[in-house]
Amino acid sequence: MKKRTLPLAAALMAVTALPAFAQGRFDDVVRTEVLQGWDLPNGQRLAAVRLVLAPGWKTYWRAPGDAGIPPHFDWSRARNIGAVSLNWPTPDVHEQNGMQSIGYTDQVVIPMHITPAKPGKPMRLRTTLSMGVCSDVCIPHSVKIDEMLDSPDLTPTPAIVAALADMPYSASEAEVQSATCRLSPTEQGMQIEARVALPHTGGTEVAVIEPGVPGVWVSEARTARSGNTVVAVSDMMHADGGAFAVDRSDVRITILGANYAVDVQGCTAG
């Protein structure tokens, strides 16, 4: 039962930090930089946002863990941007006060494949990034980004190339043999048991399960390895307490190992 109160606990932590945040004490926690990138043959622009964190601070990955705050980009005020696909480099796993969080320290470069709404026209990268940052306290933070994407040098940007190289391996690259998911109803939602057959990724492996359903909270996965298979079990519940359905093809399982990470998209019934 304690696990199920964590989303509320995290929200309360964020609220208690708001007065200090509103007074501007944390304005210098994150510095942002837009990397212009280069145009791709398919008409997309490959650009990036670099986040540089103050010493001792960290921020969260797209699936932040039990007490984390997931990052969110609001693209509603962008101009001539039809679609944005974010590419998240492999994060680190942190343990603090008995809770697990997943994210980045020092800095992170987030590559973005940007599709223009009108090809050949200027694009204005105007967005607000809502995120969580943590040191001795965890607070919600927002960063405003507003920059025109000019005609780039066609030479790939080294920092973006490095960030793409640091992304988790795909299932085929990691020689995943199978990925199955068993769904079971619980009193307050659903339990998912994922089994992924793949070579050992090194050290203590941590699995993260994302159900692909908006508004559904997922507990920290209980992860173990049995031979050539990683077994991960998480509880799921909807934020409003209502019923929900999970499409296995939308389930995303990331396995974070000491040597490399693996991104498995979709699973079959098991």
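Is Cys267 buried or exposed? Cys267 counts as buried, at 8% relative accessibility. The views below come from a predicted model.

**View 1. A disulfide joins Cys181 to Cys267.** The two sulfur atoms lie 2.1 Å apart. The torsion about the S-S bond is -115°, and the link is left-handed. Cys181 sits in strand 12, which spans residues 178–185. Cys267 sits in the loop between strand 19 (261–265) and strand 20 (268–269). The pair therefore ties together parts that are 86 residues apart in sequence. Cys181 is buried, with a relative accessible area of 1%.

**View 2. A disulfide links Cys134 and Cys138.** Here the S to S distance is 1.8 Å. The torsion about the S-S bond is about 115°, so this disulfide is right-handed. Cys134 is buried at 2% relative accessibility. Cys138 is partly exposed, with a relative accessible area of 21%. The count of disulfides in the model is two. With the bonded cysteines of the chain numbered in sequence order, the pairing reads 1-2, 3-4.

**View 3. Strand 16 and strand 17 form a hairpin.** Strand 16 covers residues 222–226, and strand 17 covers residues 229–238. They pair in the antiparallel sense. Five bridges connect them. Ala224 stands opposite Val231 of strand 17. Two residues lie between the strands. Gly227 is in the turn, and its phi is positive, at about 65°.

**View 4. The rings of Phe73 and Trp75 are stacked.** The model has two aromatic pairs by count. In the pair of Phe73 and Trp75, the ring centres are 5.3 Å apart. The planes meet at 10°, so the pair is stacked. Phe73 is buried, at 7% relative accessibility. Trp75 counts as partly exposed, at 23%.

**View 5. Tyr169 and Tyr260 form a stacked aromatic pair.** The distance is 5.1 Å centre to centre, with 25° between the planes. Planes under 30 degrees apart count as stacked. Tyr169 belongs to strand 11 (residues 169–170). Tyr260 belongs to the loop between strand 18 (252–256) and strand 19. The pair therefore ties together parts that are 91 residues apart in sequence. Tyr169 is partly exposed, with a relative accessible area of 38%. Tyr260 is also partly exposed, at 21% relative accessibility.

**View 6. Asn80 has a positive phi.** The value is near 60°, in a residue other than glycine. Asn80 is found in the loop between strand 4 (72–74) and strand 5 (81–86). Asn80 is buried, with a relative accessible area of 15%.

**View 7. Asp106 has a positive phi although it is not a glycine.** Its phi is about 65°. Asp106 lies in the loop between strand 7 (99–105) and strand 8 (107–116). Asp106 is exposed, with a relative accessible area of 57%.

Methods: Residues are numbered from 1 along each chain as its sequence is written. This is a predicted model: local features need pLDDT of at least 70, side-chain atom pairs count only at pLDDT 80 or more; totals for chains, interfaces and linings use all residues. Side-chain values use heavy atoms; hydrogens and water are left out. A disulfide is a pair of cysteine sulfur atoms within 2.5 Å. Buried means under 20% relative accessible area, exposed over 50%, partly exposed in between (1.4 Å probe, protein chains only). Helices (H or I, at least four residues) and strands (E, at least two) are DSSP runs, numbered from the N terminus. Two strands pair if DSSP finds at least two bridges between them. Rings of Phe, Tyr and Trp (its six-membered ring) pair if their centres lie within 6.5 Å; planes under 30 degrees apart count as stacked, over 60 as edge-to-face and the rest as tilted.
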